[in-house]
Amino acid sequence: VGGGVVRDVVLQREPLGIVRNPEALLTVFGTVVVGMLAIRLASLFQPGRFMKYLQSHAGLGTRLIELFDAVGLAAFIVVGVVVALDTSAQPLWLWGPIAAVITASFGGLMRDLYRHDRVTANLAGELYPEIAGVCGLALAVFLSWEGERLQPDEIKIGVIVIIAAAFSIRMVAI
């Protein structure tokens with residue numbers, strides 16, 4: 001969400017994407033509320049067993065967060081390039097990767113800066129914005145180079161390839 005606002009201001013989108021289409025923000029809020037309710041319910045029904053399970057599988061939560069973070073990174077790379085394409089930012093090979101980095105990385109950077117444990121995963125040498133930049137560049141070049149003749153199914157395949165590549169690279173980097 002934070003990266004989306006920065007991206008919209010940088011690329012001068014009117015109105016801001018979050019105002020024009022609030023479903024993404026509502027989805028995030030809904031997911032957080034459902035997750036919090038699930039944790040509360042699980043701890044109410046069997047508090048001892050639930051806590052023992054969490055303690056014995058401490059790495060599971062971290063791995064799941066990293067897995068979903070990699071999915072989010074991959075998806076927001078595509079969103080960033082599409083925003084640059086939507087605003088007719090030229091050249092796309094330059095603005096596509098910049099928008100991909102802003103969209104995919106700034107929300108995670110803001111999260112890391114405000115976390116209680118002060119561990120800044122995105123700033124501590126892990127590949128994160130680099131993945132967004134390289135994969136954003138690949139998608140932007142693909143769309144620029146072949147954009148005039150591409151069919152919707154070919155664009156879909158290109159997007160899937162970029163998402164799979166970004167996800168795989170991030171998981172290997174972790």
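This is a predicted model: local features need pLDDT of at least 70, side-chain atom pairs count only at pLDDT 80 or more; totals for chains, interfaces and linings use all residues.

Biologist: How many helices and strands does the protein have?

Modeller: There are eight helices and zero strands. Going along the sequence, that reads α-α-α-α-α-α-α-α.

Biologist: Let's pick a residue. Where does Thr 103 lie, and why is Thr 103 called buried?

Modeller: Thr 103 sits in helix α6, which covers residues 92–114. Buried means under 20% relative accessible area. Thr 103 has 7% relative accessibility, so it counts as buried.

Biologist: What does the side chain of Thr 103 reach?

Modeller: The side chain of Thr 103 reaches the backbone oxygen of Ala 99, at 2.8 Å. The cut-off for a polar contact between N or O atoms is 3.5 Å, and 2.8 Å is within that.

Biologist: And Ala 99 itself, buried or exposed?

Modeller: Ala 99 is also placed in helix α6. Its relative accessibility is 1%, under the 20% limit, so Ala 99 is buried.

Biologist: How do you know whether Gly 96 is buried or exposed?

Modeller: Gly 96 is found in α6. Its relative accessible area is 0%, so it is buried by the under-20% rule. Leaving aside residues up to four places away in sequence, Gly 96 touches Gly 80, Val 81, Ala 84 and Ala 140. What makes each of those a contact is having heavy atoms within 4.5 Å.

Biologist: What about Ser 105: buried or exposed?

Modeller: Ser 105 is found in α6, and at 1% relative accessibility it counts as buried.

Biologist: Now the loop between α5 and α6. Why is Ser 88 there called exposed?

Modeller: Ser 88 has its place in that loop. Exposed means over 50%, and Ser 88 comes in at 53% relative accessibility, so it counts as exposed.

Biologist: What is phi of Ser 88 near?

Modeller: Phi of Ser 88 is near 60°, a positive value in a residue other than glycine. Most residues other than glycine have a negative phi, and most peptide bonds are trans. In this loop, which also holds Pro 91, the peptide bond from Gln 90 to Pro 91 is cis, with omega near -5°.

Biologist: Last pair. At what angle do the axes of helix α7 and helix α8 cross?

Modeller: The axes of α7 (residues 129–146) and α8 (residues 152–173) come within 10 Å and cross at roughly 165°. Angles over 145 degrees count as roughly antiparallel, so α7 is roughly antiparallel to α8. The crossing is right-handed.

Biologist: Which residues make the contact?

Modeller: From α7, they include Ile 131, Cys 135 and Phe 142. From α8, Glu 154, Gly 158 and Arg 170 are among them. By class, the contact has 11 nonpolar, one polar and two charged residues. Gly counts as polar, while Glu and Arg count as charged.

Biologist: And over the protein, what share of the residues counts as buried?

Modeller: Of the 174 residues, 28% count as buried. As for contacts with a separation of 6 or more, residues 24 or more positions apart account for 66%.

How values were computed: Residues are numbered from 1 along each chain as its sequence is written. Side-chain values use heavy atoms; hydrogens and water are left out. Axes are lines fitted to C-alpha atoms, for helices over the stretch in contact, and angles run from 0 to 180 degrees between N-to-C directions. Helices (H or I, at least four residues) and strands (E, at least two) are DSSP runs, numbered from the N terminus. Angles under 35 degrees count as roughly parallel, over 145 as roughly antiparallel, 65 to 115 as roughly perpendicular and the rest as oblique. A crossing is left-handed if the near helix is turned anticlockwise from the far one by less than a right angle, and right-handed if clockwise. Buried means under 20% relative accessible area, exposed over 50%, partly exposed in between (1.4 Å probe, protein chains only). A polar contact is a pair of N or O atoms within 3.5 Å; within protein, one must be able to donate a hydrogen and the other to accept it, and residues adjacent in sequence count only if both atoms are side-chain atoms.
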